[in-house]
Amino acid sequence: MGLIKNGGVIVCPTDTVYGLICDATNKKAVEKMYKVKKRPRNKLFPVFVKDIKMAKKFAKISYEQEKFLKKVWPGAVTVVIEKERSALRIPRYGFIINIIKKINRPLAETSANISGQPPTTKVKEVLKYFKGREYGPDLVLDAGDLKPAKPSRVIDLTSFPPKTLRK
C-alpha cells in the first residue's frame, strides 16, 4: 500500500482484466500513469471507489443516478457521472476494494496495456506491453492468467435515458 500512497503505478488483476492503478488524488501518480499507458491527456482515467459515499466525494450524484448505481454496483459497470469529468466504478473484487479501504483514497484505473492495444487477462501479454519502454509500472502483481473477461461496460448517466458507450 505504501507504493501506491507514494505515487507508484501498479499492474494488478481486477474483476475484468489486468489493470493499471494509482492514487487518483496524487497528480504525479496520475501523470506517470499517462506516460506508462501512452494515453492522450484529454482522455481521463476512470476511478475505482469503495462505495457510493466515496463516489459522492468525487462527483455530484443525483437521486436518480444513485438509484441506478445501487442496481449495477459493485460490478463491471463504469458510469460517466459528469461529462468530461468523472467516470466511476465500484469493482466486484475484494482485492481492489481492500486496497481502497487501506489507503482510503480512490484509485485511477485503466487496462494494463498501451493505448490502442487490446486489454488482456494474461500476465505475459502485460509484461510484453511494458518491456523495454521508457516508462513502465513500478510493480506487476502476477496473479497468473485471469478468467477470460472483457473490460467494464461504460454507461453515460449525464442524460436520460442513460446511454451505453461501451458494451
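Is Cys-12 buried or exposed, and what is its relative accessible area? Cys-12 is buried, with a relative accessible area of 0%; here buried means under 20% relative accessible area and exposed over 50%, with partly exposed in between (1.4 Å probe, protein chains only). The model is a predicted one, in which local features need pLDDT of at least 70 and side-chain atom pairs count only at pLDDT 80 or more, while totals for chains, interfaces and linings use all residues. Residues are numbered from 1 along each chain as its sequence is written, and side-chain values use heavy atoms, with hydrogens and water left out.

The structure holds 0 disulfides, a disulfide being a pair of cysteine sulfur atoms within 2.5 Å. Cys-12 is in no disulfide, and the nearest cysteine sulfur, that of Cys-22, is 11 Å away. Cys-22 is likewise in no disulfide, and at 0% relative accessibility it counts as buried.

Helices (H or I, at least four residues) and strands (E, at least two) are DSSP runs, numbered from the N terminus. In helix H2 (residues 27–37), the buried residues are Ala-29, Val-30, Met-33, Tyr-34, Val-36 and Lys-37. Viewed down the axis of H2, these residues fall within an arc of 165°, so they line one face of the helix; the arc is taken from the directions that run from the helix axis to the C-beta atoms. The face of H2 turned away from the buried side carries the exposed residues Lys-27 and Lys-28. Among the elements that cover the buried residues of H2 are strand S2, strand S6 and helix H6 (123–130), where contact means heavy atoms within 4.5 Å.

Both ends of H2 can be described. Asn-26 caps the N-terminal end, with a side-chain oxygen 3.0 Å from the backbone nitrogen of Lys-28. After the helix comes Lys-38, whose phi is positive, near 60°.

Helix H4 (residues 63–72) has Gln-65, Glu-66, Leu-69 and Val-72 as its buried residues. Down the axis of H4 they fall within an arc of 130°, so they too line one face of the helix. On the other side of H4, Tyr-63, Glu-64, Lys-70 and Lys-71 are exposed. The buried residues pack against helix H3 (52–58), strand S4 (77–82) and strand S8 (153–156).

Gln-65 has 11% relative accessibility and counts as buried. A polar atom of its side chain lies 3.5 Å from the backbone oxygen of Ile-81. Leaving aside residues up to four places away in sequence, Gln-65 touches Lys-60, Ile-81 and Leu-157.

Arg-89, found in strand S5, counts as buried at 2% relative accessibility. A polar atom of the Arg-89 side chain lies 2.9 Å from the backbone oxygen of Gly-75.

Finally, there is open space to consider. The largest pocket has a volume of about 800 Å³. Of the 36 residues that line this pocket, the closest to its centre are Arg-39, Lys-43, Leu-44, Pro-46 and Val-154. Pockets are found on a 1 Å grid over the protein atoms alone, as an open set of points where a 1.4 Å probe fits, with protein on both sides within 12 Å along at least five of seven lines; lining residues have an atom within 4 Å of a point.

Technical notes
A polar contact is a pair of N or O atoms within 3.5 Å; within protein, one must be able to donate a hydrogen and the other to accept it, and residues adjacent in sequence count only if both atoms are side-chain atoms. Grid points are joined across faces, edges and corners, and a volume is the space filled by probe spheres set on the points.
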